[in-house]
Amino acid sequence: MLAKSDATMADVWGLAPGRVLTDFHAPRKWLALTVLSNHAQATADILKLQREWVYWPCFSVRVNAGRGQRRCVFRSVLPGYLFIAVHPDRGDPWPVVHATPWITGFIHGDGGHAVALAYSDINIIRMIEAGLNLPHDPKTAHRHKPGDKVRFVADIYSRWPPGVVRRLADDGRIVIETLLLGRIVPVLAYPHQIEAM
């Protein structure tokens, strides 16, 4: 038996009567779901109501709402994708795909099963998202043009292959297509978040 002074909170939880271990504390794997681009936020909200761990990388922009007013809307960093964190023993997310509107499927690997993202990939996406949510001057000069090969500054370990600039948006953002999860994925970024190769 533990002496009163030797007990830690972990010991108290371990000795608590009737404590049921859940998968809440288990490590998670991240899966990518494909979703209709214009319904990504609503789909993420539905998944949260279903008690799923969902991540929708987004950034806010102010748009004209008419009559001289502006409102804030959210746009996707990776249009058409949501990420869910599931228990490592959980199989393919078919129940989520079939039960949730606007989800069209998930990213398959070579064996036909869902591909799990590494935590470092999720961290790169989070850093890109954080950079898009910071104030930025759209008139900042840059030398990027469509067709240029670039890499993401947030990818400090060079996990992602070089991307290609596809389009320059009016608000200063750049659309870069890069190979992620075995397919070409468009990613939005500011000029300071990428560098020429």
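**A tour of the salt bridges**

Start by selecting R90 and E52: they form a salt bridge, with the closest N and O atoms 3.3 Å apart. Here, a salt bridge is a side-chain nitrogen of Lys or Arg within 4 Å of a carboxyl oxygen of Asp or Glu. This pair links distant parts of the chain, 38 residues apart: R90 sits in the loop between β5 (81-86) and α3 (94-99), and E52 in the loop between α2 (40-49) and β2 (53-55). Helices (H or I, at least four residues) and strands (E, at least two) are DSSP runs, numbered from the N terminus.

Before moving on, know what you're looking at: this is a predicted model, where local features need pLDDT of at least 70 and side-chain atom pairs count only at pLDDT 80 or more, while totals for chains, interfaces and linings use all residues. Residues are numbered from 1 along each chain as its sequence is written, and side-chain values use heavy atoms, leaving out hydrogens and water.

R90 is partly exposed at 28% relative accessible area, whereas E52 is buried at 15%. Buried means under 20% relative accessible area, exposed over 50%, and partly exposed in between (1.4 Å probe, protein chains only).

Next, select R159 and D121, another salt bridge, with the closest N and O atoms 3.1 Å apart. R159 is in the loop between β8 (149-152) and β9 (163-168), D121 in helix α4 (residues 119-132), so this pair too links distant parts of the chain, 38 residues apart. R159 is partly exposed at 43%; D121 is buried at 8%.

Last stop: K145 and D148, whose closest N and O atoms are 3.6 Å apart in their salt bridge.
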